[in-house]
Amino acid sequence: MSVRKLRALPGMLATIFLAGCAEPEILEPHSAETPVGVDFSGLWTMRADESGDQRRLREAVDRTDGIEKYRRSSVNSRTARSGRSKGGIVHVFLEVGSSLKVTQTPYALFISFDRSVVEEFRFGENRPVSIGAAQAMRVSGWSGNAYVVETLDNSGMKLTERYELSSDSDLLYRHITFRSSKLEEESLTQIFERAAD
């Protein structure tokens, strides 16, 4: 080994040691105070092609969940939902639908996806969430006029959902970002139009 490589060795070892001792990520809480005049309540219908949207979501998960492509076929949905896979599982906390019914109270948002699954997001929440054996931490609340939901699993994979209204309140934008444990991000936006009640 050359002298130059020997001199660099302590620095490399310190970097490896510090990376191994890295603190787990802590999600920062969002505001519990609703901005004046912002109300997401109503019925909303997705503007885009639903099958194309599902494909884009799958591709975003595939690029950020940390499961190697050659192993992906052996990881079935039961393994992923139970949290026994080696990759991130935060995507199991994402609900999707071509229609949304949003009810906004002074304390929470209730979002019904295709009139079946209802998600409750409490303003300013910071709590553990679970689906079966899959566990994660969630924070949600207001960031300006947007409502932000962040869900972080034990592998370091993070799901961020950001809901915003257009200036005329006729469109609801749902920005979805998957972030891998290596900080790689994949994002997409769903656009919903206000439907007649």
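The model is predicted, so local features need pLDDT of at least 70 and side-chain atom pairs count only at pLDDT 80 or more, while totals for chains, interfaces and linings use all residues. Residues are numbered from 1 along each chain as its sequence is written, and side-chain values use heavy atoms, with hydrogens and water left out.

We begin with the aromatic residues. Rings of Phe, Tyr and Trp (for Trp, the six-membered ring) are paired if their centres lie within 6.5 Å, and a pair is called stacked when the planes are under 30 degrees apart, edge-to-face when they are over 60, and tilted otherwise. By this rule there are four aromatic pairs. One of them joins F40 and W142, which are stacked at 5.6 Å centre to centre with 5 degrees between the planes. Because F40 lies in the loop between α1 (3-20) and β1 (42-46) and W142 in strand β6 (residues 134-143), this pair ties together parts that are 102 residues apart in sequence; helices (H or I, at least four residues) and strands (E, at least two) are DSSP runs, numbered from the N terminus. W142 also pairs with Y147, here edge-to-face, at 5.0 Å centre to centre and with 80 degrees between the planes. Relative accessible area, computed with a 1.4 Å probe on protein chains only, sorts residues into buried (under 20%), exposed (over 50%) and partly exposed (in between). F40 is buried because its relative accessibility is 1%, W142 is buried at 3%, and Y147 is buried at 0%. Together with F123, the residues F40, W142 and Y147 form one aromatic cluster.

D153 is buried yet has no salt bridge, the nearest side chain of opposite charge being that of R179, 7.4 Å away; a salt bridge requires a side-chain nitrogen of Lys or Arg within 4 Å of a carboxyl oxygen of Asp or Glu, and in assigning charge Lys and Arg count as positive, Asp and Glu as negative, with His and the chain ends not counted. The side chain of D153 instead reaches backbone nitrogens, that of I89 at 2.6 Å and that of G156 at 3.1 Å. Not counting residues up to four places away in sequence, D153 touches G88, I89, V90, Q135 and A136, where contact means heavy atoms within 4.5 Å.

E150 also has its place in strand β7, and E150 counts as buried because its relative accessible area is 12%. Its side chain makes a polar contact with the side chain of K158 at 3.2 Å. Beyond its neighbours within four places in sequence, E150 is in contact with residues including L27, H30, M137, V139 and T160.

Two loop residues remain. Most residues other than glycine have a negative phi. R115, in the loop between β3 (108-113) and β4 (117-122), has a positive phi near 60 degrees, and R115 counts as exposed because its relative accessibility is 64%. S169, in the loop between β8 (158-165) and β9 (171-179), has a positive phi near 65 degrees and counts as partly exposed, at 28% relative accessibility.

Notes: A polar contact is a pair of N or O atoms within 3.5 Å; within protein, one must be able to donate a hydrogen and the other to accept it, and residues adjacent in sequence count only if both atoms are side-chain atoms.
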